Amino acid sequence: MRLQRVVGVGKSGDFVGHGGGLLESVFTGSIATYTPRAATSDRAGSLRPSMRLSHLLLPTEREPPSDAEALSHKLMVRAGLIRQVGSGLWTWMPAGWRIHRKVEQHIREEMDAIGAQELLMPVLTPAHLWKATGRYDSVGGELMRFQDRKGADMVLAMSHEETVTFHVAQLVRSYRQLPLQLYHFQIKERDEFRPRAGLLRTREFVMKDAYSFDRDPAGLDASYELQRAAYHRIFERCGLRFYECEADVGMMGGFGAHEFMAPCAAGENDVALAPGYAANVEVAAAEPQPVPPLRHDLAGELHTPGRTTVEAVARALEVHPGNLLKAFPVVTEGRGLVMILLRGDHRVNEVKLGTSLGEPFRPATAEELGGAGMVPGFLGPSAAVLTFHDAAIRPGRYVTGSGRADHHVVVEVEAGERIDVRTVEAGDTVAGHPIAIEPAIEIGNIFKLGTRYSEPLGATYLDAHGKAQPVVMGSYGIGPARVVAAAAEQYGDEHGIAWPRSIAPWDVELVAVGKAGTPERDAADALYAELTTSALDVLYDDRDAKPGEKFADAELLGAPLRLTLGKRSLRSGQLEAQRRRGREDVEGGVAMASAAATTEALWGELP
RNA sequence: CGGGGCGUGGCUCAGCCUGGUAGAGCGCCGCGUUUGGGACGCGGAGGUCGGCGGUUCGAAUCCGCCCGCCCCGACCA
């Protein structure tokens, strides 16, 4: 079962800041301290339970920052959750940090539940660890490097494989100590080329990174599966729409990876989706859409003056672009000039191409093509150059560049070896189902690392036969800030953010309509006091502001339930209640006499 | 790093072309009237106009260099 929620570190539900007299600073709320709370599966963490808005630093804005484009960026700044410090650098304001901490806590509880142990490793890291694994040189400008006052090379960790493996190398000696899983929440520093979209891509962010250490690949498979299942529970608890998909292993190295993607308009990854299938387009493979056969009357060499693009040639010859072969010349270190042929209507996927080639490549220059006797714009298969055909190229007749200017030629392509390097397109099929392509933000990933780090860092253990074996590792990351931003993307509307209840900064916002000293305000004060003893965390808007402003701020901040108490309530004995998701009024309201219990029940039914 | 855009009070912006006492709305402070969807009146506070240099009698405005921020691309977990 889940951990019991423990509350009670804080002093009370209220805080009266400086400036109040002695009498005023006697707290005005009830004693929320040490109130036992029922464990609820999608509740997270222990935070100061309730709060008066008049004492909260919540810098809401009527207008979004002029440079914001992504919905989450606009809304999170407007709602007073985050403020920018520099490019890709953000401060979490108090309300926003509550959300972040709730996400962290869901993650923490699920990591603990699979037996992972929390520790904390430093950001500042001696460079020799990164030199040992080769990443000091291989990673590039994203890794922040500098020297300390003694002149020692240092890095700011962008990930902690090196550090955690360093410890395991020292501390784990025996197979009896394995398997082992360690994790922490720590700042990562990545000097991104281009931070963007508020929190979606930043240069500094908190990451939960977990690492598994096993005796052998079968053990890794088991650990990986534990993490995979925990990830599903975490993102479900956070209320996100998400899917797991096949991923490229990228800079982490290793031999297996899945990404957890949250679909949203501002997402910077494209994901190919079909029933039972989800894959980053960087790895996605699908059946291409068929093209009609090439016109029979075309044959041999064709005069195509000035037609240097697929589109121009197809239009001039009145054929489908898929009847052409497109040539994509690249240069690799190991193989020199290489020609990649694709169907004319397809686009090369550079990540897939890199994976297929197994080495870095760059586009060939005009000079290099000229040196090989080729004319840009009229490229085609050439016996002189190593050539690969994309998997979508079926045997048949195609129009392709002839190798000399202003001429194309019809060629017969036969069956043969293929590599899959094209970008899949909406409408291609997987197992007969057409795929859709959707933008998404990566909120987590899991990698099978194998011995990529344990070998260079000497992380070995003695097996039952007394023989040294490298520890087999996995690595598992989640960016809580991206989880928060993804929720804002998915549940934001023109009024603000309708948080899933499990990560909302407060469970309920109580809006007092009526200024201080009125009977309705006194009633609201009393209700707040009562609610602070319930299982719910309440934000009490006790400001002397216009009702419209309070409602607008409540909708911006997005507590899943809003209670309103005003004169009407005193007359009717009913509070008004509105569910934030869909801005839907609770029919009949909530009886003041049993407000706490009813509100808890209502909250329990929210998404 | 390539292309584009922008930097004027806490926020959104005008003023710049055509040089001449720094403006508006919102927000903030005070007083009053208001009070169920971002009210109104009166009075206030707040800005080295991103920085440095140049031109000029005079620069937010013109010129040069630099810095910062955003978007697209490249790149990237």
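Reply: Happy to! Let's begin with Phe551, which sits in helix α12, spanning residues 547-557. Helices (H or I, at least four residues) and strands (E, at least two) are DSSP runs numbered from the N terminus. Before going further, a note on the ground rules: this is a predicted model, in which local features need pLDDT of at least 70 and side-chain atom pairs count only at pLDDT 80 or more, while totals for chains, interfaces and linings use all residues. Residues are numbered from 1 along each chain as its sequence is written, chains are lettered from A and ligands numbered from 1 in the order in which they are written, and side-chain values use heavy atoms, with hydrogens and water left out.

Phe551 has 24% relative accessibility, so it counts as partly exposed. That label covers the range between buried, under 20% relative accessible area, and exposed, over 50% (1.4 Å probe, protein chains only). Leaving aside residues up to four places away in sequence, Phe551 touches Val511, Val513, Arg562 and Thr564; a contact here means heavy atoms within 4.5 Å. Val513 is 38 residues from Phe551 along the chain, and their C-alpha atoms are 9.8 Å apart.

Now let's step back to the whole chain. Chain A has 607 residues, of which 53% count as buried. The chain holds 14 helices and 34 strands. Its C-alpha trace spans about 95 × 65 × 45 Å along the principal axes. Taking contacts between residues at least 6 apart in sequence, 70% join residues at least 24 apart.

Next, the interior. A nonpolar core is a set of buried Ala, Val, Leu, Ile, Met, Phe, Trp, Tyr and Cys residues joined through side-chain atoms within 4.5 Å. The largest such core has 63 residues, and those touching the most other members are Met76, Leu81, Met111, Tyr231, Phe235, Ile443 and Trp499. Helix α10 (residues 480-491) gives the most to this core, with 8 residues. Apart from it lies another core of 23 residues, including Leu531, Val538, Leu565 and Leu575.

Because 15 of its 20 residues are buried, α2 is largely enclosed by the rest of the structure. After α2 comes Gly115, with a positive phi near 90°.

Helix α8 (residues 350-357) buries Lys352, Leu353 and Leu357. These cover an arc of only 130° around the axis, which puts them on the same side of α8; the arc is that of the directions from the helix axis to the C-beta atoms. The buried residues of α8 pack against β15 (325-332), β16 (336-343), β17 (361-363) and β18 (386-389). At the start of α8, a side-chain oxygen of Asn349 comes within 3.0 Å of the backbone nitrogen of Lys352. Gly358 follows α8, and its phi is positive, near 75°.

Some loops deserve a look as well. Ala197, between β8 and β9 (204-214), has a positive phi of about 55° although it is not a glycine, and it is buried at 15% relative accessible area. A cis peptide bond, with omega about 0°, joins Leu178 and Pro179; Pro179 is in the loop between α5 (161-171) and β8 (180-189).

Finally, the cysteines. A disulfide is a pair of cysteine sulfur atoms within 2.5 Å, and the count comes to 0. Cys245 is in no disulfide, and its nearest cysteine sulfur, that of Cys264, is 13 Å away. Cys245 is buried, at 1% relative accessibility, and Cys264 is buried as well, at 8% relative accessible area.

Technical notes: Polar contact = N/O pair within 3.5 Å; in protein donor to acceptor, adjacent residues only side chain to side chain.
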